[in-house]
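Subject: Structure handover

Hi,

Here is the structure we talked about. Please look it over, then read my notes below.

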Amino acid sequence: MRAAVLSNALPGRYYPQNSHLPAIRLLLSMKLKAKDVININVNGLRAQGKHKQIQRRKSSKPNLLELPLRSAADLGAAQYFVTMRIGTPPKEFRMSVSTCSVLTWIKCSNCSSGKELSDMRFYQPNKSRTFRNIPCSSSFCTSDLIPSQSNDICPKRDAPCRYDYRHKDGTRLVGTIGNDTVTIRMKGNQKVILENVTIGCTKATKLQIDYPLDGLLGLCPDRQSFAGTALRQTRTTSFSYCLVDSLSPINVSSYLVFGGSNRLPNMQETDLLMGHWTWSIYYHLNVTGISLDGKMLHIPSDMWLYNPNGRSGVVILDIGTSLTALAAPVYDNLIRGLLPSISKFKKVKTEENNDFKHCFNSTGFNETLVPKLRIHFGNGAKFEPPVKNYVIGQGIKCLGFIKFDAHQTSIIGNLLQQNHFWEFDFPNYKLKFAPSTCISD
């Protein structure tokens with residue numbers, strides 16, 4: 001059954017959005033409140049735009065789209081989310097954001113009433129005047145979207161296109177795909193309407209029952225992702241975000257921005273190794289090495305190789321993954337370099353210590369004891385996160401990395417990205433970044 005393959009679309013690759021629940025529980029004990037986090041990475045979705053879905057209004061849309069972006073830590077999720085309105089009449093939903101997902105999906109119900117809806121927000125497409133099913137016989141469903149059960153999911157030509165995505169941790173998404181209108185409320189109460197946005201109506205999920213967000217906003221470099229739709233309809237060529245500290249007060253936010261031009265002090269740029277962005281659904285980075293206090297670590301060079309023919313890369317960037325996950329040779333060398341700085345502090349065993357191997361009582365701890373981490377890119381750019389981004393927690397602190405097998409793709413997660421501005425420049429295949437407080441006016 002093809003659905004099972006979609007949980008591991010790249011051979012030998014496994015992405016950890018659903019694999020680090022023990023680590024998330026530890027973060028919860030550190031007051032991050034990131035319990036039982038689920039972030040669905042829909043692998044295998046390839047949309048080349050053969051099925052024409054964008055029908056613009058004659059009235060022009062602004063060349064700038066801003067969505068307030070804030071930490072979901074107070075809601076119990078180690079993620080960042082935006083709020084948007086979907087359907088007609090518009091209904092508000094909180095959507096976690098992922099740059100490793102193509103599909104934008106929402107928890108869904110077609111029930112017009114029912115006790116199960118009383119305490120939760122569901123998307124009800126049958127109540128939206130602008131919702132349109134995508135037929136399972138369409139080229140979008142049969143070619144652009146890799147069908148999970150092609151023999152079973154199209155009983156009639158006009159039946160809705162279905163998806164069934166399964167992941168190694170048991171997480172499962174089942175639903176139908178359609179188009180609907182998205183309304184964004186910007187500064188000054190200005191409204192922007194995006195039409196015919198591809199949305200997955202997830203009717204059956206195997207998720208934590210208390211998962212606090214309503215769905216997921218996919219920002220992969222793909223025509224049918226929300227990023228692709230927003231860029232086309234606003235006629236812009238880049239998007240950006242800035243991640244406030246995950247423990248910021250709930251009234252502190254930044255923005256997910258499509259369009260605009262930013263030039264921050266100390267802005268750097270590096271190549272995005274994406275090939276042509278209609279097929280590459282991850283933001284591969286041109287990493288060449290890692291240093292601590294200016295000394296390069298002895299990491300095998302093949303850990304950084306990028307394979308455009310295989311459409312895979314060794315390091316990717318994802319806002320939807322909380323912890324930075326490193327392939328074993330990278331992880332081992334980095335941890336070996338960091339351990340001396342925390343060795344004098346009492347080691348603490350966490351309740352569930354599968355992911356966090358190096359935790360300690362931080363009484364007397366000072367960040368100046370820890371070597372400065374730098375990630376080096378091919379063109380000389382260097383990403384230097386603050387120590388608090390990789391020695392994480394309060395009271396009990398841990399080195400904020402998890403270990404993957406040697407052949408697995410490394411992921412720079414959102415904790416390491418905090419307090420930096422990130423811009424994805426598609427025409428030039430560039431990732432631009434700079435330190436920032438990320439606090440919006």
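Which strand gives the largest share of the lining of the second largest pocket? Strand 2 does, with five residues. Keep in mind that this is a predicted model.

**Second largest pocket**

The volume is about 260 Å³. There are 15 lining residues, and Pro68, Val82, Thr83, Met84 and Glu92 are the closest to the centre. Strand 1, strand 2 (80–86), strand 3 (91–98) and strand 7 (172–185) each give two or more residues to this lining. By class, the lining has six charged, six nonpolar and three polar residues.

**Largest pocket**

This one holds about 350 Å³ of space. Its lining has 20 residues. Nearest the centre are Ser254, Tyr255, Val257, Asn262 and Phe421. Strand 1 (64–71), strand 10 (238–242) and strand 11 (254–259) are the elements that give two or more residues. Strand 11 gives the most, with four. The classes here are nine nonpolar, eight polar and three charged.

**Cavities**

The search of the whole structure gave five cavities of 30 Å³ or more. Strand 13, strand 16 (324–327), helix 5 and strand 18 each give two or more residues to the lining. Twelve of the lining residues are nonpolar, one is polar and none is charged.

Two bridges join strand 13 (residues 287–292) to strand 14. Ser291 stands opposite Met296 in strand 14.

**Strand 21 and its partners**

Strand 21 (residues 396–399) runs antiparallel to strand 17 (residues 359–361), joined by three bridges. Cys359 is opposite Cys398 in strand 21. Strand 20 (residues 391–392) also pairs with strand 21 in the antiparallel sense, over two bridges. Val391 has Leu399 as its bridge partner. Strand 20 and strand 21 form a hairpin with three residues between them. Gly393, in the turn, has a positive phi of about 110°.

Best wishes

Conventions: Residues numbered from 1 in each chain as written. Predicted model: local features only at pLDDT ≥ 70, side-chain atom pairs only at ≥ 80, totals over all residues. Heavy atoms only, no water. Pairing = 2+ DSSP bridges. 1 Å grid on protein atoms, 1.4 Å probe; cavity = no way out; pocket = protein on both sides within 12 Å on 5 of 7 lines; lining within 4 Å. Points joined across faces, edges and corners; volume = space filled by probe spheres on them. Nonpolar A, V, L, I, M, F, W, Y, C, P; charged D, E, K, R; others polar.
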